[in-house]
Amino acid sequence: MGETGAPPVFLVVEDEAPNRALLRAVLGRSTDQRVRDAVLLEAPDLLTARRVLAEAPVTLLLLDVRLPDGNGLTLARELHERPPGRRPKVLVLSASVLPSERDAALRAGADAFLGKPYRPSDLIDAIRALLDAPAPGDERRRDA
């Protein structure tokens with residue numbers, strides 16, 4: 001839950017309908033209430049994703065790399081330029097699992113990377129870690 005008690009908002013940017021359906025199913029069955037109760041928005045391409053991001057307070061972006069209208073890492077770079085507090089966390093989900101691909105995603109501003117296919121438990125663990133991590137510039141949470 002967010003600080004206001006509202007559920008988090010996840011945006012899935014994925015062009016393949018079966019992959020979006022799989023994500024919906026995995027998230028809906030999570031034992032973590034924050035994940036299970038998240039508002040789930042979907043975009044099949046970058047154009048739609050940008051529209052959604054302009055209109056909705058997205059907490060977490062689940063981002064594919066290969067999209068019909070461009071590279072998802074372009075969107076990760078754009079979001080990384082936003083000021084702290086106005087940028088959702090970004091989890092890149094990609095079939096390109098070479099270390100260089102992972103490094104490119106992280107350099108582009110992704111907060112985490114998970115290769116496809118992934119185990120549902122690995123996806124939930126990655127999401128939980130991102131939800132628990134402090135926002136960039138948030139000095140209130142520090143590990144001792």
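1. Val9 lies in strand β1, which covers residues 9-13. The model is a predicted one. In it, Val9 has a relative accessibility of 11%. The cut-off for burial is under 20%, so Val9 counts as buried.

2. What does Val9 touch, leaving out residues up to four places away in sequence? The list is Val39, Leu41, Pro57, Val58, Thr59 and Leu60. Along the chain, Val9 and Val58 are 49 residues apart. Their C-alpha atoms are separated by 4.9 Å.

3. Now the helix pair. Helix α3 spans residues 46-55 and helix α4 spans residues 72-80. The two pack with their axes 10 Å apart, at an angle of about 25°. Angles under 35 degrees count as roughly parallel, so that is the label for α3 and α4. Their crossing is right-handed.

4. Which residues make the α3 and α4 contact? From α3 come Leu46, Ala49, Arg50 and Leu53. From α4 come Gly72, Thr74, Leu75, Glu78 and Leu79. Check these side by side in the viewer.

5. Ser94 sits in strand β6, residues 89-94. Is Ser94 buried or exposed? Its relative accessibility is 4%, so Ser94 counts as buried.

6. Set aside the neighbours of Ser94 within four places in sequence. The contacts of Ser94 are then Asp64, Val65, Phe113, Leu114, Gly115 and Lys116. Strand β7 is 112-115, and Phe113, Leu114 and Gly115 are among the residues that Ser94 contacts.

7. Lys116, a contact of Ser94, is joined to Pro117 by a cis peptide bond. Omega there is about -5°. Where is Pro117 found? Pro117 is in the loop between β7 (112-115) and α6 (120-132).

8. Last, confidence. The mean pLDDT of the protein chain is 90. A value of 70 or more is reached by 90% of its residues. Residues 139-144 need care: over this stretch the pLDDT is below 50. Beyond near neighbours in sequence, residues 139-144 have four contacts in the model.

How values were computed:
Residues numbered from 1 in each chain as written. Predicted model: local features only at pLDDT ≥ 70, side-chain atom pairs only at ≥ 80, totals over all residues. Heavy atoms only, no water. Helix = DSSP H or I, 4+ residues; strand = E, 2+ residues; numbered from the N terminus. Buried < 20%, exposed > 50% of the residue type's maximum accessible area, 1.4 Å probe, protein only. Contact = heavy atoms within 4.5 Å. pLDDT = per-residue confidence, 0-100. Axes fitted to C-alpha atoms, helices over the stretch in contact; angles between N-to-C directions. Parallel < 35°, antiparallel > 145°, perpendicular 65-115°, else oblique. Left-handed = near helix turned anticlockwise from the far one by under 90°.
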